[in-house]
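Hi,

Here is the structure I promised to pass on. Have a look at it first, then read my notes below.

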Amino acid sequence: MHVRSAHRSLLVVGSVALDDIDGPFGLHRDLLGGSASFIARAAAYFTRRVSVVGVIGDDFPRRHVDELAGIGVDISGIERTPGETFHWVGRYAPDLATRETLDTRLGVFADFQPKLHDAHKDAELVLLGNIDPVLQLDVLRQVRSPVLVAADTMNLWIDIKRDDLVKTLAKVGTLMLNDEEARQLAEEHNLRRAAGKILKMGPTSLIIKRGDAGALLFHGGGVFAAPAMPLAEVKDPTGAGDSFAGGLMGYLAYAGDLSPSTIRTAMIMGSVMGSFAVEQFSVDGLRDLTTAKIQQRFDELAELAHFERVHL
Ligand code: AMP
């Protein structure tokens, strides 16, 4: 069951991938992955107005696309072209806290030039999932007047396309990245100071994801902390950040406003969806959720973080 109250449209541009994941639970090959796959699934629980723009190769199983369409996601912007689907190979340390990229095969992404349909150009919320910042900027040149543009990125692009990334950041309202990436981008170890430096690059707000330590939102001189749910079982952290982003943006689309309190709730909803994603491999943890399950975990997080003010 999905919450259906569509206020704002959400355009998701990102990778649709096949992942090989190695780690304490063994090697799993050809799993459905990619930033857009996680984002769209997480967001689709909050609004029916999710559209995905991306590219797949001729090796990509049809059932994954059908499944997205089956949960109401607009897949008309997913292009199938001859060649190999984007393929990412990663290995997690035994504690699942760190990972290394063993291989990134861009495949059909190497020649991808996103061409937005007319309807997609009118998107109100735009979420640029982790892809080449040149493609992210290309998309931003095509959208007409979005209410909010959020973007994610990763160490690879900070390493090899820093100048392009900086150009994209100048046009982004909310940037999301993890703590290591924030340090790398800002060239500053202290996270608070790193946030200050990144906010000078263009975004008006910055979300720093810190895995099982939760996420921080920096905006207008203030900071808000969303906790992560302490889970009894974590199998695969892949896509946690994307599911966080999907939950957050999906909730903003559902709520229809960008007030400070809505944004805080959206941060918690991001944390909720990230927590479901890591409990299983690939997008499995995001399959078959219900409004009741989402609500329950949201309430648990509210309880976890609740404390009373005291006056000393
Ligand atoms: P996350 O764990 O939230 O950082 O996202 C993991 C997903 O990002 C995986 O499913 C990968 O397929 C995808 N991914 C990894 N590297 C890249 C990249 N360089 N560009 C786009 N997507 C990527």
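How many residues surround the ligand, and which are the closest? There are 19 of them, and the closest are Asp 19, Gly 34, Asn 130, Gly 239 and Asp 242; a residue counts if one of its heavy atoms lies within 4 Å of the ligand.

Before you go further: this is a predicted model, where local features need pLDDT of at least 70 and side-chain atom pairs count only at pLDDT 80 or more, while totals for chains, interfaces and linings use all residues. Residues are numbered from 1 along each chain as its sequence is written, and side-chain values use heavy atoms, leaving out hydrogens and water.

Back to the ligand. Backbone N or O atoms of Gly 34 and Gly 239 each sit 2.7 Å from an oxygen atom of the ligand. Ser 15 puts a polar side-chain atom 2.8 Å from a ligand nitrogen. The protein covers 93% of the 510 Å² of accessible area that the ligand has on its own (Shrake-Rupley method, 1.4 Å probe). Helix α9 (240-255) gives the most to the shell, with three residues. Helices here are DSSP runs of H or I with at least four residues, and strands are runs of E with at least two, numbered from the N terminus.

Now the sheet. Nine strands form an open, mixed sheet in the order β5-β4-β1-β8-β9-β10-β11-β12-β13; two strands pair if DSSP finds at least two bridges between them. β5 (74-80) and β13 (222-226) are at the edges with a single partner strand each, so one side of each has no neighbour in the sheet. Strands β1 and β8 run parallel, joined by four bridges, and Val 13 is partnered with Leu 128 in β8.

Cheers

Methods. Polar contact = N/O pair within 3.5 Å; in protein donor to acceptor, adjacent residues only side chain to side chain.
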